[in-house]
Amino acid sequence: MSNPVVSTHAGHQARSYPSRPEAVYFYGTCLVDMFVPEAGMDAITLLEREGIRVIFPDNQTCCGQPAFTSGFPEEARQVIASQLDLFPGDYPIVVPSGSCGGMIRWHWEKVIGDDAALQARAAAIAARTYEFAEFLLHVVGFSRKDEGPATTVTLHTSCSARREMGTHLVGRELLARLGNVTLAHHDHESECCGFGGTFSLKHPDISTAMVTDKVAALKATGASQLVTADCGCMLNITKRAAKEDLDAGRAKPSLPGEHLATFLLRRTGGKPAGDQQ
Amino acid sequence: MSHQPQQQSSGQPIAFVSAQALRARMHDAVNDPHLRQSFRGAMDFLMAKRAAQFPDQDELDSLRALSEGIRQYSLSKLPDLLEQLEANLTRNGVKVHWAETPDEANAIMLDIARRHSAKLIVKGKSMVSEEIEFNHAMEAAGVGALESDMGEYIVQLAGEKPSHIIMPAIHQTKQQIAKLFAEKIPGVDYTDNVDALIRIGRNVLRDKFESADIGLSGVNFAVAETGTLCLVENEGNGRMCTTVPKVHIAITGIEKIVEKLEHVAPLYSILTRSATGQAVSTYFNMISGPRKAGDKDGPEEVHLVLLDNGRSQAYADEQLRKTLQCIRCGACMNHCPVYTRIGGHAYGTTYPGPIGKIISPHLMGLEQTHLLATASSLCGACGEVCPVKIPIPELLIRLRGEANSAPHANPAMVGQGAAYDPKISFVWRMWARLYARPATYRAFSWLATRFRALTPRKQSGWTAARTPLQPASRRLRDMVKDRR
Amino acid sequence: MSARDRILTKLRAAQPAQPNAMPDLDAHYTPRVRGESKAERLARFRTGIESFHAEVHISSEADWPALLARLCADKQVATMLYGADTPAGQRLDQATFPATTLRPWSGQVEELKADLFHRVDAGFTQTRGAIAETGTLMLWSSEAEPRTLSLVPPIHFALLDADTIQPTFFDVLRTENWAAGLPTNALLISGPSKTADIQQTLAYGAHGPKELVVIVINAEGDAQ
């Protein structure tokens, strides 16, 4: 039984998008900064290739989500407060992660405390924060020629992208614009991969059961690779698949994965940052 | 203490379960392939049925917004509506009782039972009666309490507790039920034909409806303006319990109230469609009093027990109050990837699944429920399908905070600070210092990437099933600086 | 202080100063009004209730007792209980049922409980109306037609006038203003008793009637 939950709609109202700006702020997220920098770099390259100036505020650290979702709102508040000065202009803020984007868009204003002025600043930031893929599709209007060979990929959309940012159809649409790419949908596509931040550490049994099922469903599509716009899910899924490969003595990764930005860049004649290393 | 959730003895009240024991139960459940398979299949079935009931997204959005509005409106007038309900029920001839605790509720009902020298109480489905361990309290006092909902009957016969609020025996296969019936019901041979099994249950229970002294039921909606108790069901056992015995006792939480009769129309519709994917249930039973002069049947006495049991605590906090919007459809558990993998028994609470995680702390205190709020990836599937739009993930985060914070005066809930650990709090304080100071973070991340070879290969729960995480050799900010 | 007072005091202390605005039900229902004809409502009712395993027969004011007699014979109903003091009951009093003993309800339920549970094969009731949207019958209990009549016997025959089929439950509550006066028991019925409590397998005749047979009086005949 495939996709019993057909979610055509996020919990929040569909948003309207601005016209293509001269510049954007890029909020890379702490996970991308330290663990998957090439995904962030490729997203920046894609934006710059479209003629958009990308500003990378050097004082960016973290959206505060780990503390917030772990039940440490005061610690989250302190971190959020340190990030409110990063975006002085009125350019859109682009985030290569649905969950960090969702944190900024829906939770900063609530977590920042009772100070009305701070709340207003957080709300103003939230209003111009976009998940990278949604920005690329709806604001940039991405349409580049697919220069890659025919391939079949499978897509995982993070729960935050799906339910907080309402962008689960965006990844599909972007992939559909690549002429030689076939998207294979996996069983229980709308189900969580089991990452959930500290959930994966606090409840490893349940998290492992979820990610094991997710890996099996993704592999069952026969796709050559996984594409996702969230690095948390990507690390969870690919590191689980890698462990299965290790345990089975397979040298070749059975489920390689990369960020949507990296995939789009490579397919449309760009050079992904990771490939250069 | 047994860590086998499926073998939990029942009839026995839910005992205090430590976080450690709860963890062990979850571990056992998630590693039980039979349980995993049966819940996965059942949840897929229920999800598909629900989805088929809502082909029109606009209609669903509108109905959810309306249903949320009705529940919030009702809660905003809760004390007034309770008084109005009491006045109208009393006018209709229904006796209204109030109970702050399960013990008080059981004492009220036992008193009614004794007054009628009752030997047998036959029960329609009522999760509140589970919540107060009604069967146990009656049996301890020598009064029989027999479940008559087929699923509840099976669960009671097996000495278990319901594993789902709508489908209590969802964890049992028909073969297990066949074996159970053959063992426990005199004169019954093994058959795993479902029609035959239902016929067996029907025959046993019809005799009980005929002879029972008291019928007990829950309430789905209590209508203040008319003094009416509404019950939703498919089997007809609810009608039997509320019609045939001479006494009917209904028990409900104080939150299950609406002001206007017309408010039940949208709530009833979204309830059955969300719960089991039915356009409508077989019966919608609206009771406005006992047998009146001229009436030929119906109970001679009708009682309503209004139970608080922690609900007023949830009510006192604007955010936590949203838990009281619940209409008990169970859609959140049907769509929960955690519930799907551990089943209902592993939670150690009357109400399992996402809704159980947010209401149980009010009913039982945070001491024995704080771990539940952490057993969620916050994927949001529950909030997405909730027919009354309870922001379940947001409430889980709130409960994590209540559990983690150092105990303080005037806590919002009993057991606040139950998971407080000075060491963990210290770690998060350090984390905040690091990430709230960009220069410090830059130094830390520089070190972490340059010395990434020193990253530990064992990373707590992560590496049990995954290869280790290792920082990249260069940070995004380094790449950005060097670009072009 | 009593438990009642303590609960109400706690709630009052936390109650919002102003209640929320009254929910606007019309905003949901009015745009979804279908404006169906009587025939369309009947068709939708029929599709709905048949999908719940009920049997539907279209008849006329003149012919329905004969149809009922035939159905009783087909289903080998030896004894059927009904309420005599109703318009439909009076018709049954005059009708001929070759294969079935018609027994009018008399006295309190206690007097006929054993028969009701063990010796009556079918119960017959009128209905107050029906709901097209969901395929649902509406019954109000009365002195003439008590609650157990449609509950305990294994077969429930229900007589429905097609003119009384309304679009939705909401429409019923509004147009008939049920809030102004409900009977002891108002009931919506959508099919025979059922359960899916064993492995999600649907089985009929859980505790209530195993069969629900609806006879619709429709002056226009069988539109289908």
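Over all chains of this predicted model, the count of aromatic pairs comes to 20, where rings of Phe, Tyr and Trp (its six-membered ring) pair if their centres lie within 6.5 Å, planes under 30 degrees apart being stacked, those over 60 edge-to-face and the rest tilted. One such pair is B:Phe284 with C:Phe169, which is edge-to-face because the ring centres are 5.9 Å apart and the planes stand at 75°. Local features need pLDDT of at least 70 and side-chain atom pairs count only at pLDDT 80 or more, while totals for chains, interfaces and linings use all residues. Residues are numbered from 1 along each chain as its sequence is written, chains are lettered from A in the order in which they are written, and side-chain values use heavy atoms, with hydrogens and water left out.

**Aromatic rings**

- The pair of B:Phe284 and C:Phe169 crosses between chains, from strand β9 (residues 283–287) of chain B to helix α7 (residues 169–175) of chain C, helices (H or I, at least four residues) and strands (E, at least two) being DSSP runs numbered from the N terminus.
- B:Phe284 is buried, with a relative accessible area of 0%, where buried means under 20%, exposed over 50% and partly exposed in between (1.4 Å probe, protein chains only).
- C:Phe169 also counts as buried, at 7% relative accessibility, and forms a further edge-to-face pair with C:Trp178, at 6.2 Å centre to centre and 75° between the planes.
- Ring pairs also link A:Phe72, B:Trp428, B:Trp431, B:Tyr435 and B:Tyr441 into a cluster.

**Interface of chains C and B**

- Here 75 residues of chain C are in contact with 99 residues of chain B, contact meaning heavy atoms within 4.5 Å.
- The two chains bury about 7500 Å² between them, 58% of it on carbon and sulfur atoms; buried area is the accessible area (1.4 Å probe) that two parts lose on being put together, summed over both.
- C:Asp197, C:Ile198 and C:His207 supply 11% of the area that chain C buries against chain B, more than any other three residues.
- Nine salt bridges are found across this interface, each a side-chain nitrogen of Lys or Arg within 4 Å of a carboxyl oxygen of Asp or Glu.
- The side chains of B:Glu100 and C:Lys10 meet in a salt bridge, at 3.3 Å from N to O.

**A residue within chain B**

- B:Glu402, found in helix α19 (residues 392–404) of chain B, counts as buried at 10% relative accessibility.
- Leaving aside neighbours within four places in sequence, B:Glu402 is in contact with B:Leu366, B:Ala412, B:Met413, B:Gln416 and B:Gly417.
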